[in-house]
Amino acid sequence: KELLPLHLKLSGALVSRVISFDGVSVVVKAHKLTAEQAATYDASAELWLGLARLLQERLHLLSATATSRFWSAHQRFFRALVTGSKLPTLHRIVEEGLASHKSVVIGLLGTGEA
């Protein structure tokens, strides 16, 4: 909830005297997948590819919403997998910040888009 007004203010779409950037620094960090995480992702992609092929073969036996429900589950799975993969880096960053006596704010953004 707090990031939306900050974003709107930064873009000039919102004027607020309450929201201030004084003393605030924002750092965007990237996570590099480990070899194990990349292997897990690749294996997951192969599994879902096999399931998609099976779905297409058996589509005539399934309900009209089967395809939509399948791809919804696919997106939720990969979103959780990617988010979970970032946790070791997030944990390290939080620990470093706390050790430096900083206030650590974590923003998790998701568009909800397909």
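Tutor: Rings of Phe, Tyr and Trp (for Trp, its six-membered ring) form a pair if their centres lie within 6.5 Å, and such a pair counts as stacked when the planes are under 30 degrees apart, as edge-to-face when they are over 60, and as tilted for the rest. The model is a predicted one, in which local features need pLDDT of at least 70 and side-chain atom pairs count only at pLDDT 80 or more, while totals for chains, interfaces and linings use all residues. Residues are numbered from 1 along each chain as its sequence is written, and side-chain values use heavy atoms, with hydrogens and water left out.

By the ring rule, the count comes to five aromatic pairs. One of them joins Trp48 and Phe77, whose ring centres are 5.6 Å apart and whose planes stand at 45 degrees, so the pair is tilted. This pair links distant parts of the chain, since Trp48 belongs to helix α2 (residues 35-58) and Phe77 to helix α3, 29 residues apart; helices here are DSSP runs of H or I with at least four residues, numbered from the N terminus. Phe77 also pairs with Phe78, and because the centres of these rings lie 5.1 Å apart with planes at 85 degrees, that pair is edge-to-face. Taken together, ring pairs link Tyr41, Trp48, Phe70, Trp71, Phe77 and Phe78 into a cluster.

Buried means under 20% relative accessible area, exposed means over 50%, and partly exposed lies in between, using a 1.4 Å probe and protein chains only. Trp48, with a relative accessible area of 12%, is buried, and Phe78 is likewise buried, with 11%, whereas Phe77, at 32% relative accessibility, counts as partly exposed.

Ser85 counts as buried at 10% relative accessibility. A polar atom of its side chain lies 2.8 Å from the backbone oxygen of Leu81. If residues up to four places away in sequence are not counted, Ser85 touches His31, Leu33 and Gln37, where contact means heavy atoms within 4.5 Å.

Methods. Polar contact = N/O pair within 3.5 Å; in protein donor to acceptor, adjacent residues only side chain to side chain. Helix = DSSP H or I, 4+ residues; strand = E, 2+ residues; numbered from the N terminus.
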